[in-house]
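Colleague: Please take a close look at one part of this model, the sheet pairing, and then set it in its surroundings. What pairs with what, and where does the ligand come in?

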Amino acid sequence: MTVSTALDLAQLRASIAGRVIGPNDDDYDALRKVVMGGIDRRPAAIVRVANVDDVKAVVGVARETGLDLAIRSGGHSAKGDSTTDGGIVLDLRDMKALDIDPEAKTAWAEAGLTAGEVTTAVAEHGLAIGFGDTGSVGIGGITTGGGVGYLVRKHGLTIDNLLAADIVTADGQLLRADKDTNPDLFWAIRGGGGNFGVVTRFKYRLVDLPGIVGGILVLPVNAEIIERYIALSEEAPDELSSIANVMPVPPLPGVPEEWLGKLGIFALMTYAGEAEAGQKALQPFRDLAQLAGLDAPIADMLRPMTYPEMYFPEDADAGSDYHPLAVSYNLLLDRCDRPSAQTIMEHLEALDAPMRVAQLRVLGGAMARVRNDATAFAHRASPIMVNIAAFYEGEADRAEKQAWMEGFASAIRQSDGGAYVNFVGDEGPERVRNAVYPGKTYDRLAEIKRRYDPGNLFHLNQNIPPA
Ligand SMILES: Cc1cc2nc3c(=O)[nH]c(=O)nc-3n(C[C@H](O)[C@H](O)[C@H](O)COP(=O)(O)OP(=O)(O)OC[C@H]3O[C@@H](n4cnc5c(N)ncnc54)[C@H](O)[C@@H]3O)c2cc1C
């Protein structure tokens with residue numbers, strides 16, 4: 001894009017109800033930070049929009065100046081798409097209106113809210129909506145990408161509970177998108193990420209969820225335990241969704257010292273239903289410890305709780321000092337049999353890094369009952385998702401961790417070539433085209449992009465250039 005006009009901060013300030021932060025402002029450095037470490041970009045302006053008119057104005061300025069436009073909700077993008085060098089950050093963090101209708105079991109939520117904020121507020125009415133595993137993730141990014149979390153098997157992806165959205169498109173118009181109004185746009189923003197405009201608010205369907213049985217279970221690990229864990233997860237009732245992190249056991253209350261740093265399964269589990277049935281469904285997972293000769297799990301923190309308690313209060317927050325340097329790679333698997341489990345063990349054992357992980361999520365259930373072409377999330381039939389990740393300590397260390405990750409990924413890859421957009425990093429257009437949006441999904445997205453954003457104003461994302 002060519003820059004036709006330099007950004008005039010004074011003029012921008014005069015046209016915005018919210019705040020415009022430039023490089024000379026005291027809080028510029030704090031506000032330009034994103035969650036992932038190693039991303040150090042210097043935008044020309046960060047605009048903390050206060051309302052829809054501000055969003056329209058910022059979109060207009062980006063269009064007229066030709067400056068790069070980054071959309072920021074919770075700031076968790078792995079690729080750093082919510083910031084830019086020299087461009088404008090449209091920062092939604094001050095737009096947090098939340099309008100819950102407990103009778104209708106719906107909520108309109110502005111896009112500056114986090115998953116944790118919405119989850120906590122709706123739980124006061126005994127209601128829930130599934131986002132991901134981390135409370136500080138923004139609803140803007142997770143919803144437009146899909147949303148895989150603790151309710152995925154019972155209630156589907158976040159987008160499966162999206163009823164409508166308000167979205168400012170590249171021409172500066174505010175459009176409603178739902179099943180009857182701009183249905184093509186509604187299809188595209190359910191998985192197509194930030195390619196189509198700035199969602200200012202989402203309308204979610206809420207489900208009754210007075211309580212869950214869940215929390216943390218720490219198990220010893222070997223290939224047999226991984227294989228059984230996955231098989232049990234696949235056989236479990238839809239109420240049970242979990243995330244099994246095969247990784248060095250972290251320091252947690254109740255974890256005996258001799259286990260710290262040894263490989264184990266750090267499982268985050270949710271049974272979204274009645275307590276007695278939940279305990280029954282979770283028991284076979286506890287019993288897996290016996291396959292390593294233990295009488296009981298290394299730590300068993302599974303208990304009846306409210307759903308928001310699944311989110312740790314100390315979750316990464318872009319305003320906090322937690323900015324990990326990590327390499328990561330997302331794959332979808334057809335199965336996790338003994339050879340796959342052995343591959344997982346071998347690769348984790350081969351690296352000596354304090355934080356290295358194969359994060360396994362069994363999908364299926366409600367998510368898989370939605371037609372594959374019903375939304376732009378095109379991986380409905382994939383039964384298992386895996387994220388491989390390792391932290392590194394500086395550029396010199398990065399190459400080693402990257403090579404380990406690539407070796408691990410190619411060893412475990414099966415016939416499913418797919419990947420989930422929200423866990424993909426800076427991996428090039430081929431990966432977006434072939435893995436994230438395979439086949440007809442990409443063609444349809446590119447055609448919708450041509451109609452709503454022909455100039456590719458919204459290109460800081462897993463980009464779909466206009467057809
Ligand atoms: C610690 C951690 C845990 C995670 N856990 C999960 C998980 O369990 N499940 C899961 O599904 N994902 C998970 N993710 C991935 C997460 O969903 C994506 O990184 C998501 O994009 C983050 O959204 P955000 O608003 O915080 O990020 P941002 O960096 O603010 O936004 C990322 C991108 O989303 C788009 N976007 C954001 N807001 C809007 C908007 N209002 N309108 C249009 N486009 C927008 C833009 O393209 C933007 O560049 C996790 C990420 C991290 C770092």
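Modeller: In this predicted model, strand β5 pairs with strand β6, residues 106–110, in the antiparallel sense, and 4 bridges hold the pairing. Strands here are DSSP runs of E with at least two residues, helices are runs of H or I with at least four, and both are numbered from the N terminus. Two strands count as paired if DSSP finds at least two bridges between them. Within this pair, Leu98 stands opposite Ala109 in β6.

The pair belongs to an open sheet of 5 strands, in the order β5-β6-β10-β8-β9, with antiparallel pairing. The edges are β5 (98–101) and β9 (174–178); each has a single partner strand, so one side of each is left without a neighbour in the sheet. Direction ignored, neighbouring strands of this sheet are turned by 15° against each other on average. The axes behind such angles are lines fitted to C-alpha atoms, for helices over the stretch in contact, and angles run from 0 to 180 degrees between N-to-C directions.

β8 and β9 form a hairpin with 5 residues between them, and in its turn Gly172 has a positive phi of about 85°.

One of its pairings is parallel: 4 bridges join strand β2, residues 45–48, to strand β4, residues 88–91. There, Ala45 stands opposite Ile88 in β4.

Now the ligand. There are 31 residues around the ligand, and Ser73, Gly75, Ser82, Asp133 and Tyr420 come nearest; a residue counts as near a molecule or strand if one of its heavy atoms lies within 4 Å of it. Polar contacts are pairs of N or O atoms within 3.5 Å; within protein, one atom must be able to donate a hydrogen and the other to accept it, and residues adjacent in sequence count only if both atoms are side-chain atoms. A backbone N or O atom of His76 lies 3.0 Å from an oxygen atom of the ligand. For Asp133, a backbone N or O atom is 2.7 Å from a ligand oxygen atom. A polar backbone atom of Val148 lies 2.8 Å from a nitrogen atom of the ligand. On its own the ligand has 940 Å² of accessible area, of which the protein covers 91%. Such areas come from the Shrake-Rupley method with a 1.4 Å probe; for residues, only the protein chains shown count as cover.

Both sheets reach this shell: the elements that give it two or more residues are β3 (69–72), α5 (139–145) and β10 (198–205). α5 gives the most, with 3 residues.

Residues are numbered from 1 along each chain as its sequence is written, and side-chain values use heavy atoms, with hydrogens and water left out. Local features need pLDDT of at least 70 and side-chain atom pairs count only at pLDDT 80 or more, whereas totals for chains, interfaces and linings use all residues.
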